[in-house]
Amino acid sequence: MAPFKRIVCFAIAVLIPALAVAQGFEISGKVVDRKLGAPIFGASVVLKNSKNGGRSIAAVTNDEGMFRFDGVRPGSYSVQISFVSYKPVALFIDQLEKSYEFGAIEMEEDLKVLEEVKVMGEAERLEVKGDTVEYNSEAYKTMSDASVEDLVQKMPGVSMNNGKLEAQGEEVKQVLVDGKRFFGNDVNLAMRNLPSEVVDKIQVFDQLSEQAQLTGFDDGERQKTINIITKPGARNSLFGKASAGLGNDDRYMGSGVLNVMNGDQRLSVLAQSNNINIQNFSSEDLLGVTSTGGARARPGGGGRRPDGGGGPGGGGSSSTDNFLVGTQSGISSTDAIGLNYQDSFGEKLEVTGSYFYNKTDNSQNQSTNQVYNVEGSPTYSERQLNTTENGNHRLNLRLTYDINQNNSLLFLPSISTQANKSVSDIQGILTDGTQAVSGSSSAQTSDIEGYSGNGNLIWRHKFDKRGRTFSWNVGLSANNRSGNTSLLGVTSNYTLTDETDSLDQRADISSPGHEVSSRLIYTEPVSENGMVSLEYNISRKVTDSEKYTYNVADVDAGYAAVDTALSSLLSSQYSAQRFGGGYRYRNGPISVLGNVTYQYAQLNNQTTFPYEYYLKSDYRNVLGMFNFNYRSAGKNLMAVYRTSTSIPSISQLQNVVDNSNPLQLSAGNEQLSQQYQHNFTARFTTGIRENTGTLMVFLGGTIADNYITNSTYIADRDTLIGDVLLVAGGQFIKPVNLDGYKNIRSLITYGIPVSFLKSNLNFNISGSVTKTPGLVNSALNMVTSNALGLGLVLSSNISRSLDFTVSSTSTFTGVENQLQVGQSQDYFFQSTRLNFNWLLPTDIIFRTDVTHQLYSGLSEGYDQNFALWNLSIGKKLFKDKRGELSLFAYDLLKQNNSISRNVTDAYVEDVQTEVLQRYFMAKFTYNFWKKPGVGS
């Protein structure tokens, strides 16, 4: 503990003299709507010194309408507040001699100004406000019935990638509506179920953690966030949409969404039922799905990614993190209902909550081809059919209570329950290039139930001295996953005159766990522009895993004999303490933050069945974070460096063989250590005025020590793994710790208006380099994947009657590995899409989208070159054209396909999945409003 004592002494020696430094003052206030009294999120606040050359500092109000300027020198100041469709407000401070709080600052709607903006010509596309990029919806016209998802994809720096919404090169993790959470963290629900015509602004920024938002001291924990600012007229209205359709081959769909907004009180209800692959749910709906049923996940390190990338694995997360993310492949039918509620009770209590239920029946028919990175190894081919029934309930709450002027409470509970049933049939074969070596056939069923719940309670106290705060965060979580699986299988060795080995098994599994944590943070202003923080964090996580596998003893006894080679009882305990401090400096456009933390952690793993084993590991780490931010008019430069640790998951630790595919066995490793990561991000954004262009540059990366990856053994003859037979050519996979993982990625986006086409043109170039270590037959193999991507998007801005988007993305990926130097595993992917919508004067509406995909360089028979063409012709009905009756054709050419490439440390894999193909459907849609004219 000597290093810990030295760090504490050093922190005290630095902080004591710093506390004596002279302090600046604070200017703060709250911006609200005059009529509603509701806070205004995203208003621009500019503090300008009447002297000092008129230097100004900009800020943006938070979700409570609050703004604050720290470290302000004595003098005379003006405060100018502006927000679209509101009359600007100007306030003055004649002589600042102490900290000053304005209180509630009322802004009044100015509908006349809003009308003038529409008449005066082309709207400004975006504006950079400090750390926030704000897009003007008027500059990106869509059809009147388009969703927010359709709108944001026209904006530079925002795109959909493999079903995930990305902004500025990073995945969007959270969507807010007027600064408030909408359906928890479910991005798809918010983007697809809100109409674009209620949107005034789209803001993109990095949301700080709850603790950092309360203390004002950045802890480096951020989420890429989109905030949807609605038009003033929509904030007191009722609007929604209902659709129903019937098609051939018993295809059907029905959906509805209702939004009721009354100032701070908001209610959203949505429901859907269909069998045409409209899933609209997040990865949380897949928590019950694991390698015991459905598509198989590769154990160990980072997950599969089509670009050969992936992040460090281990992270202490569930085994499903690298399994399926977002919507499932294959063909699905879905029933879902959701409810989101927001309200304020007086001036002290604010409540936001959501409930969501999703039931999905999914079938996947996949073929797979794997080529190993070891010369002479057989090729593995597989056919797999999976059917899955999954039901999920999710409940999220957020309660904010202002006890008094100096004290507040924030309570964040959530709970999720799930039931999952699946059946999986796998036919696998190993081929040495001329003939089959081994084959297997297995059928597995699983019936799994699980729950997870957590709650965080944060108390914050503000002292009378400005900037001095104390906060306490207490967290508690619990989860469990339990059920049973059954497995029937036959393995054949064709080199030994078709020798076969059969199995008939049943397994009972259970994996309960809980975690308790506490975090204390104290902040103190120490100078005109500086602030320090002290932090102490303690946590303890306990996870148990039980698996008992039974073999058929005889026909009468049934499942009676416990197979010790396939059974295990493991308990893992991880406890950690962290103590550290940080310093923040802010002066004009420059903000610098540094933080250093000492962490002492223990990982105790104890196996009690089928043998006794105990491993205790102590870790002492120094963790750091550095954040630099430069803001000026229309420009923002941000750079962040952070180190962190992550622990192996319980499934990675449990040393029990998984024989669900007899040709590809796997097991955990109870000797795994924690992983240490270096992460960095740099981003530059500028909105060039006068509609000449916008530029965004992103660079990020991860370097991991003790990276949790895989050790793969490829058997050259029949081999026993414990008491389990691995046939010649089969593989056995086990997670291990190795150094050398690196991932660097970049993105440059440039957007310009094309006036003669009344359109916006966005160019982007991306690149990534990923190095993934692994062991293959005990030999170190470093797989390097280099990817270069080029793309463009041309989106119309003509009118709400004519809308088109043309986009194309091309990615070239080169793959190299140490074990087969010179062997090419390069591949190329290109996707080009045309989306065209036209409302004719006769109220006939024509819609079509054509997507062409080209995949080359894959295994024989897996290259793809096809076009997916969807077409719709309809008639607008009723007043304000709110109704539509249409005939829709999906995959008109019947060419729809799904092929992907996955690169791992041991092999390169190509996967083809059966997808939904051509069908026709008659569809009726109605958009309704309580307040006419909103969004028009």
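## Loop with a cis peptide bond

P610 sits in the loop that links β31 (590-609) to β32 (613-632). In this predicted model, the peptide bond leading from F609 into P610 is cis, and its omega is near 10°.

## Loops with positive phi

S778 belongs to the loop between β42 (759-776) and β43 (779-796). Its phi is near 70°, a positive value in a residue that is not glycine. S778 counts as exposed, because its relative accessibility of 69% lies over the 50% cut-off.

K894 is another non-glycine residue with positive phi, here near 55°. The loop that holds K894 runs between β48 (883-890) and β49 (899-903). With a relative accessible area of 47%, K894 is partly exposed.

## A buried loop asparagine

N529 is placed in the loop between β27 (513-525) and β28 (530-554). Its relative accessibility is 13%, so N529 counts as buried, the cut-off being under 20%.

Which residues is N529 in contact with, leaving aside its neighbours within four places in sequence? They are G71 and R73, together with R584, Y585, R586 and N587.

## Nonpolar surface patch

A nonpolar patch on the surface is formed by L267, I337, L339, Y355, L395, L397 and I415. Together these residues have about 520 Å² of accessible area. Two strands, β20 (331-345) and β22 (379-402), each supply at least two residues of the patch.

Y355, one of the patch residues, lies in strand β21 (residues 349-372). Its relative accessible area is 31%, which makes Y355 partly exposed. Patch residues need over 30% relative accessible area, so Y355 at 31% passes that cut-off.

Strand β12 (residues 170-171) pairs with β11 in the antiparallel sense over two bridges. Within this pairing, E166 stands opposite E171 of β12.

## Six-stranded open sheet

An open sheet of six strands has the order β8-β9-β15-β16-β13-β14, with mixed pairing. Its edge strands, β8 (126-129) and β14 (180-181), each pair on one side only.

Inside this order, β13 (residues 174-177) and β16 (residues 222-230) pair in the parallel sense over four bridges. L176 stands opposite N227 in β16.

How values were computed:
Residues numbered from 1 in each chain as written. Predicted model: local features only at pLDDT ≥ 70, side-chain atom pairs only at ≥ 80, totals over all residues. Heavy atoms only, no water. Patch = residues over 30% accessible without salt bridge, like charges linked within 9 Å, V, L, I, M, F, W, Y side chains within 5 Å. Areas by Shrake-Rupley, 256 points an atom, 1.4 Å probe, with all protein chains shown as cover. Salt bridge = Lys/Arg side-chain N within 4 Å of Asp/Glu carboxyl O. Buried < 20%, exposed > 50% of the residue type's maximum accessible area, 1.4 Å probe, protein only. Pairing = 2+ DSSP bridges. Contact = heavy atoms within 4.5 Å.
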